[in-house]
Amino acid sequence: MGFYAEKIMPRLIEWTMSGEPFSQYRRELLADTYGQVLEIGFGTGLNLAYYPEAVDSLTIVDPNPGMGAIVSRRVEASAIPVDKRTLSGEALPMADGSFDCVVSTWTLCSIPAVDQALQEIHRVLKPGGKFFFIEHGLSPEPGLQTWQNRLTPLQKVIADGCHLNRQIQDLVEGQFEDLSVETFYAEKTTKILGYLYRGVATKLGQ
Ligand SMILES: C[S@@+](CC[C@H](N)C(=O)[O-])C[C@H]1O[C@@H](n2cnc3c(N)ncnc32)[C@H](O)[C@@H]1O
């Protein structure tokens with residue numbers, strides 16, 4: 001991982017994703033999480049303050065070691081026990097059925113083998129476990145889609161692999177049969193980056 005990803009990306013995430021409306025979306029999404037939770041693509045830990053008391057423990061994974069310093073400060077201040085791992089979502093070392101909930105916020109856009117990561121998310125959930133996500137992605141507006149497709153190669157360079165044009169609902173449906181999702185444009189955000197997919201997918205079984 002290079003200088004830009006390790007030194008610049010953590011600051012860019014803090015600068016662009018820490019205020020409103022992101023905080024409100026984080027709080028709303030995480031309000032129903034519980035038990036043993038895995039968060040994929042933890043970044044600098046901007047979700048940590050919004051986990052409710054019903055969460056017993058948190059395992060966090062991110063392949064970027066440059067997030068470490070900011071994350072450590074947040075983890076130290078957290079009442080929830082946190083197990084921090086520097087690794088990718090595509091190859092999780094956890095056993096099948098380990099978690100009650102998995103969380104991903106603005107991360108499925110950046111994972112290179114996103115289908116593989118979704119397979120892993122499904123695998124490590126307990127039967128009946130829930131995948132909570134909020135992600136930006138492909139807009140239904142054809143004119144905007146054209147620009148999202150055109151600008152994705154540039155966005156991948158500026159934002160460490162981030163795609164503007166992923167159809168998040170289709171991707172999650174590829175792994176989960178039971179899915180509730182809503183889509184909307186984020187407030188105060190350019191439409192090209194602001195078409196959001198927010199949802200909960202449940203792993204079937206008992
Ligand atoms: C836009 S940031 C979002 C960070 C955080 N989830 C948030 O909401 O603030 C995307 C994150 O995805 C992480 N990421 C990139 N590739 C990944 C992978 N293969 N597996 C897991 N996370 C990955 C990046 O390191 C980065 O922290």
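Author: The buried residues of α2 pack against α1 (3-17), β4, β5 and β7, where packing rests on contacts, and two residues are in contact if their C-beta atoms, placed from the backbone, lie within 7 Å. The names of the elements come from DSSP runs, with helices (H or I) of at least four residues and strands (E) of at least two, numbered from the N terminus. This is a predicted model, in which local features need pLDDT of at least 70 and side-chain atom pairs count only at pLDDT 80 or more, whereas totals for chains, interfaces and linings use all residues. Residues are numbered from 1 along each chain as its sequence is written.

The buried residues in α2 are Phe-22, Arg-26, Leu-29 and Leu-30; a residue is buried if 20 or more other C-beta atoms lie within 10 Å of its own, exposed if 12 or fewer, and partly exposed in between, with C-beta atoms placed from the backbone. They lie on the same side of α2, because they cover an arc of only 85° around the axis, the arc being that of the directions from the helix axis to the C-beta atoms.

Leaving aside residues up to four places away in sequence, Ile-121 touches Ile-40, Val-102 and Phe-131.

Between β4 and α4 there is a loop that holds Trp-106, a residue that is not a glycine and yet has a positive phi of about 50°. Trp-106 counts as buried because it has 24 C-beta neighbours inside 10 Å. Lys-188, found in the loop between β6 (178-185) and α7 (191-194), is likewise a residue other than glycine with a positive phi, near 55°, but Lys-188 is exposed, with 9 other C-beta atoms within 10 Å.

To place the helix in the whole, the protein has seven helices and seven strands. Its radius of gyration is 16 Å, close to the 17 Å that the globule rule gives for 206 residues, so the protein is as compact as a globular protein of that length; this radius is taken over C-alpha atoms, and the rule is 2.2 Å times the number of residues to the power 0.38. Of the 206 residues, 39% are buried, and among contacts with a separation of 6 or more, 70% are accounted for by residues 24 or more positions apart.
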